[in-house]
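Student: I have a model open and would like to learn how to read it. Could you walk me through it?

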Amino acid sequence: MDKIKLSRLQSLALRELSLYLQNDIKIEDFKKVSIMEVKITNDLSFMTIYYTVYKDLDLDKIKDLLETNKAKIRHYLASKIKARKMPELIFKYDNSLSYANHIEDLLKNIK
């Protein structure tokens, strides 16, 4: 798949997944999860979904919820994306936001 089509597909998946977690799925904890990035392999075999949690939630609980609901999420995305092949979903926690907050706290303490 060419880079432009892949980029569009990733953007569509990011938008649809974000909307689904915030509005459609009936699990309250997902309202505190934000999808940061979606990467899809060129052969459409895997979709890696990077997420973060803004509120103080148990990360293991969120990871378990995502894994438990993976089939439902994949089915929803397949209905929205309409790709020739629906990739396998891989969820990864993106700690860049918490790391940035940590650096900001360190800088505040220097003053």
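Tutor: Gladly! Let's start with a term: two residues are in contact when heavy atoms of theirs lie within 4.5 Å. Keep in mind that this is a predicted model.

Student: Among contacts between residues at least 6 apart in sequence, what percentage join residues at least 24 apart?

Tutor: Here the share is 57%.

Student: What pattern does the protein follow along the sequence?

Tutor: Reading from one end to the other gives α-β-β-α-α-β-α. That comes to four helices and three strands. As for its extent, the C-alpha trace spans about 55 × 35 × 20 Å along the principal axes.

Student: How should I think about the interior?

Tutor: In soluble globular proteins, nonpolar side chains tend to be buried together. In this case, 35% of the 111 residues count as buried. The largest nonpolar core holds 28 residues, and Leu21, Met47 and Ile73 have the most contacts inside it.

Student: Which elements give two or more residues to this core?

Tutor: They are helix 1 (3-24), strand 1 (33-40), strand 2 (46-53), helix 2 (59-68), helix 3 (70-81) and strand 3 (88-93). Helix 1 gives the most, with six residues.

Student: Leaving aside neighbours within four places in sequence, which residues is leucine 21 in contact with?

Tutor: Its partners are Phe30, Lys31, Val33, Ile35 and Ile73. Ile73 is also listed with Leu21 among the residues with the most contacts inside the core.

Student: Now a charged residue, please. Is lysine 70 buried or exposed?

Tutor: A residue counts as buried when its relative accessible area is under 20%. Lysine 70 has 17%, so it is buried. You will find this lysine in helix 3. Its side chain makes a polar contact with the side chain of glutamate 67, at 3.0 Å. Not counting residues up to four places away in sequence, lysine 70 touches Glu88, Leu89 and Phe91.

Student: And how are the charges placed overall?

Tutor: There are 21 positive and 16 negative charges, and their mean positions are 7 Å apart.

Student: What about the backbone: what is phi of leucine 44 near?

Tutor: Phi of leucine 44 is near 60 degrees, a positive value in a residue other than glycine. Leucine 44 sits in the loop between strand 1 and strand 2, and with a relative accessible area of 0% it is buried.

Student: Last one: how much accessible surface does the protein have?

Tutor: About 7,400 Å², with 52% of it belonging to carbon and sulfur atoms.

Terms used
Residues are numbered from 1 along each chain as its sequence is written. This is a predicted model: local features need pLDDT of at least 70, side-chain atom pairs count only at pLDDT 80 or more; totals for chains, interfaces and linings use all residues. Side-chain values use heavy atoms; hydrogens and water are left out. A nonpolar core is a set of buried Ala, Val, Leu, Ile, Met, Phe, Trp, Tyr and Cys residues joined through side-chain atoms within 4.5 Å. Buried means under 20% relative accessible area, exposed over 50%, partly exposed in between (1.4 Å probe, protein chains only). Accessible areas come from the Shrake-Rupley method with a 1.4 Å probe; for residues, only the protein chains shown count as cover. Lys and Arg count as positive and Asp and Glu as negative; His and the chain ends are not counted. The place of a charge is taken as NZ of Lys, CZ of Arg, CG of Asp or CD of Glu. A polar contact is a pair of N or O atoms within 3.5 Å; within protein, one must be able to donate a hydrogen and the other to accept it, and residues adjacent in sequence count only if both atoms are side-chain atoms.
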